[in-house]
Amino acid sequence: MTETRLLELSGITKRFPGVLANDDVDLDVRVGEVHALLGENGAGKSTLMKILFGLYEPDSGQVLIEGRPSGISSPADAIRAGVAMIHQHFMLVPTLTVAENVVLGLAESGWRLDTGSVAERVRDLSARYGLEVDPSALVWQLSVGERQRVEIIKALYRDCRLLILDEPTAVLTPPEVEDLFVTLRQMADDGRGLIFISHKLDEVMSLADRITVLRDGRVSGETTPGETSKEELARMMVGRPVQLVPDKPPLEIGGVRMAVEDLRVVGDRGTEAVAGLSLEIRSGEILGIAGVSGNGQRELAEAIAGLRAPAAGRVLVDGRDVTGAHPSEVRSAGLAYVPEERMRDGVVGEFTVAENVMLVDHDRAPYCRRGMLRFGTIGERARDLVARFAVKTPSLETPTRNLSGGNIQKLILARELSGSPAVLIAAQPTRGVDIGAAEYIHRRLVEEQGRGTAILVISEDLDEVMALSDRIAVIFEGRLMGIIDRSEVDVAQLGLMMAGSSNAA
Amino acid sequence: MVPLAAVLASFVIGAVILLMLGADPIEGYRALVDGAFGSPKALSHTAMKAMPLLLVGVGICIAFRASVINIGGEGQMIAGAIVSTVVVLNVGDLPPLVLVPLVFCAGALGGAIWGAIPGVLKAYSGVNEILSTIMLNIVAVQFMNFLLRDPIMDPAQKTSGRIPQTERLSANADLPILPGASRLHIGVLVALAVAVFVYVLLWRTALGYRLRAVGHSAAAARYAGMPVKRTIVAALTLSGAMCGIAGAVLVFGSESHRFVTDGSSVGFTQSAGFNGIVTALFGALHPLWTIPSSFLFGGLLVGAETMQRAVQVPKALMVGLNGLVVVFVVSSERLRRVLRERADRETNRRADHSVDDPATGAGRSTDSSVSGPLGTATP
Ligand SMILES: Nc1ncnc2c1ncn2[C@@H]1O[C@H](COP(=O)(O)OP(=O)(O)OP(=O)(O)O)[C@@H](O)[C@H]1O
Ligand SMILES: [Mg+2]
């Protein structure tokens, strides 16, 4: 039997200074197949895909498309060869319309854009693949999920044979993920090949036809969902068994350490994003926020952290009223904050790993004395945190933007927990993080709880919220729908509340 | 490497122009190098020219590293000159040991005030600093002209020639000449010390760390609890202070020991406020690399005059060539990035991504905004 090989990568090796990102990797994709690529943070998944897309050139190895050398050495070549890629970070021009973005860079578009016919074809494609989006909308007005659909339409418009999706679900809400999967399945059934990267094993098990696992740049196994299980996949990725749900020690709950009272916050769109919310978190407790993203979670966190001035209400951190205070004041009251937008807020990409370790307390002992930075101490602390949190980096002097996404998250968490905070806000703490690291982060959060920290976990991943939280607060349109105790969680009821029906129970 | 290539490229173009003008390029360039670096006297001239370029240049490093574009070097120099002059007119009797340091401090203060104004406007009202610093240049010139035509005018001039200048300022404020030199004064040592100081400030202090953090990512700086607005004000204030010192040096290190105006800012600053931007960019926005850069540009300015005498071409040609160097450097800044990305793609074995390396760490953050100042960089 000869099955058509759409793509064949053989013996791909790629070295970065101090890192062997890909080591003799073989991978093939058949026609009509969804091939999932799994692996820890920094395993080399994105690197391999960037090689395939012509962004990096491999040190050695071969790329064959339909049996012939691909000759891809730039993204333009890749698109011509029928390869398209949806990056971890989108690459659209925000000030242009959807239709303009779709044809951007196409040779035949010529001088004048025939927007009418483009829009029509965009509409055809969206109808056929269930990709709902208005061709005349400006990209900056779109939600993350919509932008992703534009990227996919862009690929379809170019009639790609092979579509690479690098962690497409990390930024989507659960219903958006379902829609995306319908689209992707349809594309595969049309005879295209798809490479799908995700850290979520459930997604991989439900979507993939075949799975390749990378570890430390090498292929550590190839399998299919039929012959494997989540536990086994986790073991292939991490090299040891992984405990997906942390053990929670018996609760030792103390007094109230963080409270918001009747908080009202105006969001970016000028409407009230948080509409009179009251919450209390006690010492040694994890409160999880469940809710569809965009219902005020981000504004709530930013208002507590001092990054957004509340319109009304009060914020108390460890007994101190920090309503509308400067972020540094809130921090000195005992708040630590793992932000959702980690690349934008959590680190300075151009700074080295060591420089980012001291980002939030660079002007305090032990990092600084009389205004002068103390590099000896900084280096020691950075080395210690990097080792303890297993942040994978070639050196402490590496610019942070060169780290993989999950490792940046670990770096931020290491820094935020190192100050023994009274209150911790963790927004999407394991987004984009591999399961080994997610296990570790969960364990650290539970440990932190054991120390008496009051923790607010905001996550789109309902499993994560349920695994970690002692109480779950459901919010909808900036309002509290109800608070459910860990022992009384009922997923169906949770879903109803997230959709806006108040807690009748 | 790339900056040197830029210099070479513009010299090649300069040679072509010299040929077209009927001059011998080899002879011209020999005269240029000779006039700039060929003798102790030439070196002393070059050092005198380099001094204000270096001071302004390191000031520019501070601002640009914080992603603040300071085009106000000219005005800040004038402000530094005014404040230091007024101080000396009032307390000129103090002994040199007190008065000379006071002159530098007063210059720094004047420049700091003139830098703080656009800083506050930008941080608290969102006024574009490129516009406000340019406007403040014009205000400073007019203020200087007004002061030198009446309030601080030489009393002797008021009755006779009416040249807009001060009296011969107190000799106690004369910048001491270096031992063994005829004109070169301690300003050059001060400028070198200031460059080292700015290096330490940017890379060894908490304030410098904040300046760079704000420059790279205001969002992350805010998240980290840094006072972003105050840091922006600090960037322009410090930047202005360095330019202000340059202004004081020009007055108290001059041969006439007077503050004189010809009505324009160029007449007083010789465009050091703009050329300092070029100097800093050429030094990859690194204070220590700005030192050789300032000597190179100082040398070109001095050498241009010898070249003019040797092969009878207008020295304006050199000014043009300086402009070309800038164009090459800035476009090569882009070229360098493209090359780096290419290197990333091909083989990364030799690539070095250290942030502290001035050659790769610099310019990136300001690259997009650099085109602004350069339009006015070499008038
Ligand atoms: N441009 C670069 N320069 C230097 N090192 C790099 C560069 N890009 C990636 N690396 C390194 O190569 C390794 C593989 O990175 P890659 O981004 O491929 O990981 P990944 O599997 O996609 O991880 P994640 O799941 O976190 O996205 C990492 O150790 C990373 O630090
Ligand atoms: Mg990746």
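Predicted model: local features only at pLDDT ≥ 70, side-chain atom pairs only at ≥ 80, totals over all residues.
A backbone N or O atom of A:A43 lies 3.3 Å from an oxygen atom of ligand 1.

| Residue | Atom of the residue | Distance to an oxygen atom of ligand 1 |
|---|---|---|
| A:A43 | backbone N or O | 3.3 Å |
| A:H199 | polar side-chain atom | 2.9 Å |
| A:N402 | backbone N or O | 3.0 Å |

How much of ligand 1 does the protein bury? On its own, ligand 1 would expose 630 Å², and the protein buries 92% of that area.

**Around the ligand**

Now look at who stands around ligand 1. There are 20 residues around it, and those that come nearest are A:N41, A:G42, A:K45, A:S46 and A:T47. Sorted by class, this shell holds six nonpolar, eleven polar and three charged residues.

Which elements of chain A give two or more residues to the shell? They are strand 2 (19-30), helix 1 (45-52) and helix 14 (405-418). Helix 1 gives the most, with three residues.

Find A:R192 in the loop between helix 6 (174-189) and strand 8 (193-197) of chain A. Is A:R192 buried or exposed? Its relative accessibility is 12%, and because buried means under 20%, A:R192 counts as buried. The side chain of A:R192 also has a partner: a polar contact of 3.4 Å joins it to the side chain of A:D159.

Next comes A:A437, which belongs to helix 15 (residues 435-450) of chain A. With a relative accessible area of 5%, A:A437 is buried as well. The C-alpha atom of A:A437 is 8.7 Å from that of A:N407, and these two residues are 30 residues apart along the chain.

**Over to chain B**

In chain B, the loop between helix 3 (40-65) and helix 4 (73-91) contains B:N70. At 0% relative accessibility, B:N70 is buried. Which side chains does B:N70 meet in polar contacts? One contact, of 3.0 Å, is with the side chain of B:Q76, and another, of 2.9 Å, is with the side chain of B:S239.

Helix 13 (residues 272-282) of chain B is mostly covered, with eleven of its eleven residues buried. Among these buried residues are B:F274, B:N275, B:I277 and B:L281. Just after helix 13, B:A284 takes a positive phi of about 55°.

**Cysteines**

A disulfide is a covalent bond between the sulfur atoms of two cysteines. How many disulfides does a search of the whole structure find? The count over all chains is zero.

Methods: Residues numbered from 1 in each chain as written. Chains lettered and ligands numbered in written order. Heavy atoms only, no water. Near = heavy atom within 4 Å. Polar contact = N/O pair within 3.5 Å; in protein donor to acceptor, adjacent residues only side chain to side chain. Areas by Shrake-Rupley, 256 points an atom, 1.4 Å probe, with all protein chains shown as cover. Helix = DSSP H or I, 4+ residues; strand = E, 2+ residues; numbered from the N terminus. Nonpolar A, V, L, I, M, F, W, Y, C, P; charged D, E, K, R; others polar. Disulfide = S-S within 2.5 Å. Buried < 20%, exposed > 50% of the residue type's maximum accessible area, 1.4 Å probe, protein only.
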